[in-house]
Amino acid sequence: MSQIKKDCTSFQELILSLQKFWSDHGCVILQPLDMEVGAGTFHPATFLRAIGPEVWNSAYVQPCRRPADGRYGDNPNRLQHYYQFQVILKPSPSNIQQLYLDSLKMLGIDTTIHDIRFVEDNWESPSLGAWGLGWEVWLNGMEITQFTYFQQVGGLECFPVAGEITYGLERIAMHLQGVDNVYDLVWTSGDEGVVTYGDVFHQNEVEMSAYNYEEADIDFMRETFNQLESDCRRLVNKGLPLPGYEMVIKASHAFNLLDARHAISVTERQRYILRIRTLAKSVAEAYFNSRSALGFPLASKEMADRAIRRIGGKSNG
Amino acid sequence: MADFLVEIGTEELPPKALMNLANAFHDHVANGFKNNTFGFSKTKVFATPRRIAILLENLDKQAPSKEITIWGPPTKIAFDAAGEPTAAGIAFAKKNSIPIESLSEMVGNNQGKEKLFSKSKKPGLKVEDLAENLIREAISALPIPKKMRWGSNAFEFIRPLQWVLILFGNKIINSQIMGLKASNITYGHRFHSKNQIIVDEPREYESCLREANVIACFSERRELISSAIKKIAKKVCGIAIVDASLLDEVTALNEWPVALLGSFDREFLEVPTEALISSMAEHQKYFHLTNTDGELLPLFITISNIESKDSSQIIRGNERVIRPRLSDAAFFYNTDKKTTLEKRRESLKSIIFQEQLGTIYEKTDRLSALAEYIAPIVNADISLSVRAAQLCKSDLVTDMVGEFESLQGIMGKYYATNDGEKPEVAEAIQEHYLPKFSKDAIPKTAIGITLAICDRLDTLVGIFGIGQQPSGSKDPFALRRSSLGLLRIIIEHNINLNLYEVLKKAATGHQQLQTDDDQICMQVLTYVKERFRAWYEEEGIPTEVFLSVSARNLNNPLDIHRRVYAVHTFTRFPEAVTLAAANKRVSNILAKNPLKDMSAPINKDLLCEPSELALTKIVENLEKKIQPLLQEQSYTSVLKLLSGLAIPIDNFFDDVMVVTDDDETRINRLVLLHKLRALFLQVADISLLVPER
């Protein structure tokens, strides 16, 4: 049983505690992806590693950008930039729910006081060609975590299945600190006094909302999207799925900005999503093939052989 | 005999599927035992978020043995000419342990051939022979909406399986279910109960779990929640509004329900009540309260799944969640009000109704045109109906309806009122979605009725027109429901309309359809009229009553309905059986002896028998009498009058030979029978009431 730390309630201690917890459980602790993403799922450590037979356990914090959620720093709960803590366990262990609950206890959430619930919530990302089944986890009625068993990623069946745990860090911190406004969260308290979430990010929310809603250059974003799309195709054709995937991430963010600028009609929107999905699928397949060519180094021999047989079977059939 | 228990332990199950799964599981296992001739007394189903289980009490240990006959070689082969057994005969005797000397007694007839036979008793299956396979089959036959895999397993289920308990008496049934070995171990509440629980006897299962803070019985939990809600409401002098489907959902999310009362800021009460309720119910699964005048109170009841050491912390947490939710609702409402529905209608041009049927904007255009035609039939104001038709879908592009789809129409009414539209128009916008489900209210105002009819006609014709009509259990556009809704509106408001004609009118709005209009309208007409079947079944009206009316191929639903009720009443008259039989007899006679001239008058000079004369008189008299009654659709009165024919018809058939050799007399009598039959046919084909032999 992990011991409860005295002060893991500051925002940064929360992140450090989760990293320590999952590190102790054998996860590869990674740093955030240095690109704009809408969710921790976009990190190659989740999206790409969920593909194929290889074993993969990893955890990392990921800043997320959702341009259309900006509220110019006025809304106590909505942010266009916020943090997720992402855990990916593949294959999903049979005690994955218990591990998660242990992590909450470690953070100081008393499960004999609070009402914790796994409420059905099925996840689908049309632009990533991905879906999974699972729950949102409720803490006294507040959604604090997304819990998903990936079934398909980039149009490919997941086998083995990866379990994804996505903690909403701000919400958990607000609960731990008993705070109603995200900007009042204590980021850390040092010798110079308290530094709040607002001190760190409020100005950013105000200015980035202005950029997302008013200033982002629509024509440039459209051109960027087109350029990224053709770059992605070229890279995948050259057997470079990893750089190809970076193009997908960037294209997706360009799309999100166009959406926030209300520059996309309903029908056009569908088409954009389809274009991203096509890219994501081609990257997923190319990545699978590149790992296969390496003999799936992180998979057991049995699982690797099985996966290779499956593709063999497919191309013969 | 012993009790049988099977429990499937899982990670949290989807609440809306839970009871379906549990019942299907129960039915499959119970029927499996029954079909294998096992007896048992009572069964019980258990369902919580983390388990489904069933208990069969006093299940036979073994099914009764069965006597089976094994047929052997024909006697010709089994015995030689001298009657001695041959090698084949001896082999059969040996194989079935029949003494050679009694072999000649074991001869019987099988499919027309003399053959040797042997009788033996096949012992019945034992529970342990059947249980594992039965449970496996039951699991794979579950109606799982979306299956998943987990870990490195190849099998699929609704959520990952955690444990399997199978007990018969105090014995574990040795089984392997989806990679797990069955045991007698179960688990209690996630947070109240730490350890494994060993179940010694199936009948102790429920109490074992209760001790471990799990109420396994779904209906008991539902009752508990419902009464806890009412108790809290009473304490604050409010009335709790308990929606049945929300109650079911909440029951499926709890193993140990504890009701708690929370509150929110009074200022939110300025937001339309429905929006606040949706916000609480859909997102948070809260129950709301009203005062005795039906006004919303700034309170909510949440059902937690724990007996908390400090429930005030749970309440505070929930209050912290509902505040931003309600602020969102208030924000949506205030932003939405800034744009009129008329202006928003433009945005409907980019929203697809159905790919081949164009945008929602185009639909509102079609509805406006159709409303002009339907409004006079319903006695509604034409120009206001058209106005309502134009605006009725505009709220689909408001933020509020974007967030809460169930508020479509309701928000439209609020926003229309805010825009200064006429109250009738605002009301109609809300009403045109009614009825939303089978027992829902129907529109009350004339314009609402007009619009509700138009909307359903347009959708029916359009979807049938592109070949997407319901087939089997697939009904993606819920046409079954809209058809029934259409019928309810027409009948409950006593609207006389020719359904075929109005469908034709609706079809003129859909110019892009490829199939021929007449054909589509006939298809829709048949489909909608078919909905009556289920309707009357539910009302306990026998199918043949409906068939007797539908044989008339009528297009006016109200007229059909009145006839069906009249015939149904008629079937309870003492004369009904005689008259139905007589109608059938007449119909048979007429079919065998077709008349050339149906409208020929009866030649009175040819009527020689008194009963023939009497019948003619009554028929002619009734012909005149029923005309005005038919006009006002008083079919029961018509049938009451026609009941007077029972005795004269009986007398007629007793005394008179219809099919005589004399041509003139025969034709004259057939004409009489034809007229008689026509009297009844003006209401329904009564001959169809005669039960099939």
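Mentor: Helix 8 of chain B is followed by Lys285(B), whose phi is positive, near 60°. This is a predicted model, where local features need pLDDT of at least 70, side-chain atom pairs count only at pLDDT 80 or more, and totals for chains, interfaces and linings use all residues. Residues are numbered from 1 along each chain as its sequence is written, and chains are lettered from A and ligands numbered from 1 in the order in which they are written.

Trainee: What span does helix 8 of chain B reach from its first C-alpha to its last?

Mentor: Helices are DSSP runs (H or I, at least four residues), as strands are (E, at least two), numbered from the N terminus. Helix 8 covers residues 273-284 of chain B, twelve residues. The expected span is 1.5 Å times one less than the number of residues. Here 16 Å is expected, and the helix comes close to that, reaching 16 Å.

Trainee: Which elements of chain B cover the buried residues of helix 8?

Mentor: Buried means that 20 or more other C-beta atoms, placed from the backbone, lie within 10 Å of the residue's own. The buried residues of this helix include Glu274(B), Leu276(B), Ile277(B) and Met280(B). Contact means C-beta atoms, placed from the backbone, within 7 Å. The cover includes helix 7, strand 15, strand 16, helix 9, helix 13 and helix 14 of chain B.

Trainee: Is helix 19 of chain B roughly parallel or antiparallel to helix 20 of chain B?

Mentor: Helix 19 (residues 517-538) and helix 20 (residues 543-550) of chain B have axes 9 Å apart. Axes are lines fitted to C-alpha atoms over the stretch in contact, and angles run from 0 to 180 degrees between N-to-C directions. These two pack at about 155°. Angles over 145 degrees count as roughly antiparallel, so helix 19 of chain B is, relative to helix 20 of chain B, roughly antiparallel.

Trainee: Which residues of helix 20 of chain B does helix 19 of chain B meet?

Mentor: Helix 19 of chain B brings Lys529(B), Phe532(B), Arg533(B) and Tyr536(B). Across from them in helix 20 of chain B are Thr543(B), Phe546(B) and Ser550(B).

Trainee: Which element gives the largest share of the side of chain A that touches chain B?

Mentor: The contact takes 31 residues from chain A and 29 from chain B. Elements giving two or more residues to chain A's side include strand 6, strand 7 and helix 8 of chain A. The largest share, four residues, comes from strand 4 of chain A.

Technical notes:
Angles under 35 degrees count as roughly parallel, over 145 as roughly antiparallel, 65 to 115 as roughly perpendicular and the rest as oblique. Two residues are in contact if their C-beta atoms, placed from the backbone, lie within 7 Å. A residue is buried if 20 or more other C-beta atoms lie within 10 Å of its own, exposed if 12 or fewer, and partly exposed in between; C-beta atoms are placed from the backbone.
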